[in-house]
Amino acid sequence: MTGRDGDSSPAIDVDEDYEGDSAWGGDDSASETTSVTSSIYRGLTENGRRYQSYRDHDYWGPSDEKQFETMEAGHFMYLVLDYHEQNRLHRAPIGEAPQHILDIGTGKGSWAIDAADTYPSATVRGVDLYPPPIGWVPPNCVLEVDDALQEWTWREPFDLIHMRLLLGAFTPEEWDKVYTQCFENLKPGGWIEQVELDVRVMSDDGSLPEDSLLAGWGPNFLGCGERSGRPLNTQTTMQETMEKAGFVDAHEKLYKCPIGAWPKNPQLKDAGAINLEHWSSGLEGWAMWLLTKHGSPKPWTSEEVRVYVAKVRSELQNPKLHIYHYTRRVWARKPLNTSSPGRN
Ligand SMILES: C[S@@+](CC[C@H](N)C(=O)[O-])C[C@H]1O[C@@H](n2cnc3c(N)ncnc32)[C@H](O)[C@@H]1O
């Protein structure tokens, strides 16, 4: 059976001996940083999770130790999925000695740090609303606190601007603004690249019951995104919105990301094991803000969210579910014959 959404790749072969992962403990009591004093570091705490306080901005995701663990797991999962690629960080053909690279919404900064290690020639900037919890970065990596929706003040034109998992961060109008700023701040011929996941959980072999919470997860959160005014279907809209901003020569790669170590293929098995950790640790942080603000039919209580998340986590542990979600990577170029005022 082939995949869904026009994906012509074959279904992932199942490892019939897989009996589930016991290594992941689910809830961990993450330690919070207590020595920092600035209000930006302190953030805002709600329902037991810490959120950015840089601006009065409705970004749904927590910026706390637990969510940074989730981001790290996501980073490793994408590296493993591209294990056989020469370059596991991006597909944009930027040559071997780029000078300036930007990672918007860098989160924990893992991609920016790896890009700085990969390209000693480049200064790699990672920008986020919340300061990344990183003590040391390579000398050519700069992690900054800023809002991508403000006027950009970086003077250097970039060879590559990268974004990953920014779904639901912006309204459609804000996305237009972000892509336009990317366009204006790239060198002629420079590249934009974005990686976004599809929040819907699927199976190709019917192992995911239609009435399961996991089958309902995607529609539940797509609804929250719609109601919040910041849709979560960024993976389906990003290429068109990039092209609207002037980008050309768009390419895409669609990944099936297994959740759980159920695939037979060793690389997909590893990716699935890491993705199960990604999901198990991420569920509460992904769910809490969206459901308590925009849940259906009315906003949920935090207790309702915790009970829901515990049930979803328990479904995730079922080794008989051969489940995955899609992730889409799109990369596109600023035309060579376009120059941005004041930059060259
Ligand atoms: C789901 S995380 C993904 C982090 C990282 N890109 C990764 O792949 O691990 C999204 C990040 O985007 C950041 N973000 C949201 N809105 C932003 C904005 N307006 N400007 C800068 N960063 C933003 C959030 O603070 C969060 O750290």
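**Entry 1: the shell.** I started with the classes of residue around the ligand: the shell has seven nonpolar, three polar and four charged residues. I noted that this is a predicted model, so I kept confidence for a later entry.

**Entry 2: who is there.** Which residues are closest to the ligand? I found 14 residues surrounding it, and the closest are G105, D128, D147, A148 and R164.

**Entry 3: polar atoms.** I looked up three of these neighbours one by one.
- For D128, an N or O atom of the side chain is 2.6 Å from an oxygen atom of the ligand.
- For D147, I read 2.8 Å between a polar side-chain atom and a nitrogen atom of the ligand.
- For A148, the backbone supplies the N or O atom, which lies 2.9 Å from a ligand nitrogen atom.

**Entry 4: cover.** How much of the ligand does the protein bury? Taken alone, the ligand exposes 600 Å², and the protein buries 95% of that. I also checked where the ligand sits, and the place is the largest cavity.

**Entry 5: confidence.** I saw that the protein averages a pLDDT of 90, with 91% of the residues scoring at least 70. Over residues 22-37, however, pLDDT stays under 50. The model has 21 contacts for this stretch beyond four places in sequence. A reminder to myself: where pLDDT is low, predicted coordinates should not be read in detail.

Terms used
Residues numbered from 1 in each chain as written. Predicted model: local features only at pLDDT ≥ 70, side-chain atom pairs only at ≥ 80, totals over all residues. Heavy atoms only, no water. Near = heavy atom within 4 Å. Polar contact = N/O pair within 3.5 Å; in protein donor to acceptor, adjacent residues only side chain to side chain. Areas by Shrake-Rupley, 256 points an atom, 1.4 Å probe, with all protein chains shown as cover. 1 Å grid on protein atoms, 1.4 Å probe; cavity = no way out; pocket = protein on both sides within 12 Å on 5 of 7 lines; lining within 4 Å. Sits in = over half its atoms within 2 Å of the grid points. Nonpolar A, V, L, I, M, F, W, Y, C, P; charged D, E, K, R; others polar. pLDDT = per-residue confidence, 0-100. Contact = heavy atoms within 4.5 Å.
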